[in-house]
Number of protein chains: 2
Amino acid sequence: MEILIAEDDEQIANSLRKNFAEDGNPVMIAKDGEEAIHFLKSISFDVILLDWRMPKVSGIEVCRYIRESGSKIPIILLTALSQVKNKVEALNLGADDYVTKPFSFDELAARINAVVRRYQSNTNELIFNDITLDLIGRKVKTPRGEIYLSGKEFDLLKYFILHKGSIMSKEDICKEVWGVNFVPSTNVVEATVKNLRRKIEDNYGKNLIKSIYGEGYLFIVE
Amino acid sequence: MEILIAEDDEQIANSLRKNFAEDGNPVMIAKDGEEAIHFLKSISFDVILLDWRMPKVSGIEVCRYIRESGSKIPIILLTALSQVKNKVEALNLGADDYVTKPFSFDELAARINAVVRRYQSNTNELIFNDITLDLIGRKVKTPRGEIYLSGKEFDLLKYFILHKGSIMSKEDICKEVWGVNFVPSTNVVEATVKNLRRKIEDNYGKNLIKSIYGEGYLFIVE
DNA sequence: GTTAAATATGAATGAATTTTCATTATTGTT
DNA sequence: AACAATAATGAAAATTCATTCATATTTAAC
């Protein structure tokens, strides 16, 4: 999880960096609000921690800037200002949480997780290795570009990825993808699997959809 | 905003109810965790406030129950337990925030807003009056049932609702819905508007898509 | 290896969707 | 009111999609 910390107190910043590093989370430190905005323009983070009082541009201004630019990235204010009016201002401006110094690192970490979990659980992307399904735009992105799938193919791939690693019977596939409680007497499923295979395996290079004789299909996860 | 409060201390519960009522938010009070779960089964809320220590079923158990049942509804723990380990436990279990008693009502209200805002901004539904677009399932629900829209019609309606109340030029519509940076020499847009009008206005009864001569279209919001 | 069941495939069909076009209606301007 | 520009409409054409069918291939069990 990539974390951006905007904090002018070097001691606090480094202590945080050390703690996050122990959990395996890379941290980038901006020494003021201006630098934070600069970083945000080119790098993408999972969460942003902002001190309120900083040189040049304050944390609350950075928060306002981020939300006005349309980004929904999780923001946590991390400041010594403990007055209710400050908290209310920050939260109403679009901050997701407000933690007052001094704080426990464990609590901060838990709050970050809560906020990031909520953010990510609601993203409309389904990611498998380097295949990304945009569930709203109904597009499939891979490092080699976009694959164009028809409606049924997209639904089927979505079902496969959601149930990757376990065998999916044709009954279940028909129920979910075709909305019928029986396996059609024809071979629509096989035919659609065929077309889907052609499109994604051409792009991906290797076999992803395995047939399990007599049982169904298996989307391979290594 | 419908709020469920699970709190066995009647005084606190009633004080909260009064405060929320002043802001125009209806509140339901459960006197223990069991009652909270009972309410949750039949009524839908926008946010849930849980006391930790309660008779029969504790708040943390209610929280666990809600998340295990698959619901993503915002949950705030509201308790006297101020230890970090309690906060961490609750947040890791799926709570969105943790507020310790005594607390400022204004801060609580701001935290509720933050959590609900994040929840709602990420739902995959676009709601306009009593028309609901399911952006993932690509279905349109109205009180009279489902309307079936074709792909382009759905995209167009989505664009209209997202930009309701302001005039949309054909250039912008073409860019967003058809993915082209010019207005086609033919009248695809008008033709699709026609079909969309037929389908939703039949169902809705009144004119929703207004043509602005020489400028574009306007989705009416009263 | 043979066999029967299951799955894969290419091509064809049929259905739905998107787009086009010719015509009619509406709007704002003079 | 007449005109020109813009928008609406119905129906046809073109395209895309989902499904079917006949045939080929693969699989597991004997």
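Of the atoms of DNA strand D within 4 Å of the protein, 72% belong to sugar or phosphate, and the rest to bases. This is a predicted model, where local features need pLDDT of at least 70 and side-chain atom pairs count only at pLDDT 80 or more, while totals for chains, interfaces and linings use all residues. Residues are numbered from 1 along each chain as its sequence is written, chains are lettered from A and ligands numbered from 1 in the order in which they are written, and side-chain values use heavy atoms, leaving out hydrogens and water.

Around DNA strand D there are 21 residues, and A:Tyr148, A:Ser150, A:Thr186, B:Ser211 and B:Tyr213 come nearest. Here, a residue is near a strand if one of its heavy atoms lies within 4 Å of it. By type, this surface holds eight nonpolar, seven polar and six charged residues; Tyr counts as nonpolar and Gly as polar.

| Side chain | Atom of DNA strand D | Distance |
|---|---|---|
| A:Ser150 | phosphate oxygen | 2.4 Å |
| B:Asn187 | base oxygen | 2.6 Å |
| B:Ser211 | phosphate oxygen | 2.3 Å |

Elements giving two or more residues to this surface are α6 (151-162) and α8 (188-204) of chain A, with α8 (188-204) and β11 (209-212) of chain B. The largest share, three residues, comes from α8(B). Helices (H or I, at least four residues) and strands (E, at least two) are DSSP runs, numbered from the N terminus.

Among the buried residues of α6(A) are A:Phe154, A:Leu157 and A:Ile161, where buried means under 20% relative accessible area (1.4 Å probe, protein chains only).

Note on methods: Polar contact = N/O pair within 3.5 Å; in protein donor to acceptor, adjacent residues only side chain to side chain. Buried < 20%, exposed > 50% of the residue type's maximum accessible area, 1.4 Å probe, protein only.
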